[in-house]
Amino acid sequence: MDYDRFCKLTNKDYKSANELKELEKYKVRNAVIMAAGLGSRMRPITDNIPKPLVTINGIRLIETGLNALENAGIENIYIVRGYLGKQFDSLLCSYPNVKFIENELYDKGNNITSILAAKEHICNAYVLPADLFISNTSIIKPYQFQSGAWGVKVDKTDDWCLETTSDGIVTRCGIGGVNCYKDIGIFYWNEEDGKKISEYAEDICKTYDGMQRYWSNIPFVLYPDKFKVRINVCSPEDAVEFDTIEELSKYDDSYKAYLESR
């Protein structure tokens, strides 16, 4: 199947049995949610609770990602946990099929250590951060044609961004850019690319300096010629990542008290 045929089938509201059989090869089976970090920029809120369990108007951040994945029919969902990890057990009441992966190195390295911990599960898998508030669950789809990255089109940004060719293939992931896509942190890796990322992560994490890297360095900085990643375009309101209390307070007035107490 070529990409045009794939797009035509996935955009149809009704699919015949033969069309569903044709798409079966592209069904996404796995997802890894990165939830091991300290959330230090959101202290003191995160002194006693992991950032992914912080609520926005009563909804825990990580639940929006879990709902999107479940709506897409993703069969195997793994949460990589570290800081205050046992608190994530509370999710099992609503999401009994979720499995946990322990990142024993969460306080010794960057998020590449979470990829290392989940290395057996990132083939044919979504990889996404747990602190993303996903308002539009349809950005997570049941089928993917090739490895992809999700971004919002912007004229200019000082944040993490994705630059692409004219036909939508990512050429750079880095800080700051013009006429690019703001990186929202969601990625999909097919079987081949997921295997390569796992193997490279193992090699990189053999040194202390390697463990301090972002995992996205693997496909976009260290081995860019080994991967072909397609951009998936989102709207600004589809998903929001929260890093600070100031950002929380823009969406939930209850956090303004933390700002006033400073």
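Which helix holds both Glu192 and Lys196, and how many residues apart are they?

## Basis

This is a predicted model, in which local features need pLDDT of at least 70 and side-chain atom pairs count only at pLDDT 80 or more, while totals for chains, interfaces and linings use all residues. Residues are numbered from 1 along each chain as its sequence is written, and side-chain values use heavy atoms, with hydrogens and water left out.

Glu192 and Lys196 both lie in helix α5 (residues 191-204), 4 residues apart, or about one turn of the helix. Helices here are DSSP runs of H or I with at least four residues, numbered from the N terminus. The two side chains form a salt bridge at 3.9 Å, N to O; the term requires a side-chain nitrogen of Lys or Arg within 4 Å of a carboxyl oxygen of Asp or Glu.

Lys196 also pairs with Asp193, with the closest N and O atoms 3.3 Å apart. Asp193 and Lys196 are 3 residues apart in helix α5, about one helical turn. Asp193 is buried at 5% relative accessible area, and Lys196 is buried at 17%, whereas Glu192 is exposed at 55%. Buried means under 20% relative accessible area, exposed over 50%, and partly exposed in between (1.4 Å probe, protein chains only).

## Other salt bridges

The structure holds 19 salt bridges. One of them joins Asp253 and Lys256, whose closest N and O atoms are 3.3 Å apart. Asp253 is exposed at 56% relative accessibility, and Lys256 is partly exposed at 38%. Elsewhere, salt bridges with shared partners link Arg41, Lys51, Asp131 and Asp243 into one network.

Notes: Helices (H or I, at least four residues) and strands (E, at least two) are DSSP runs, numbered from the N terminus.
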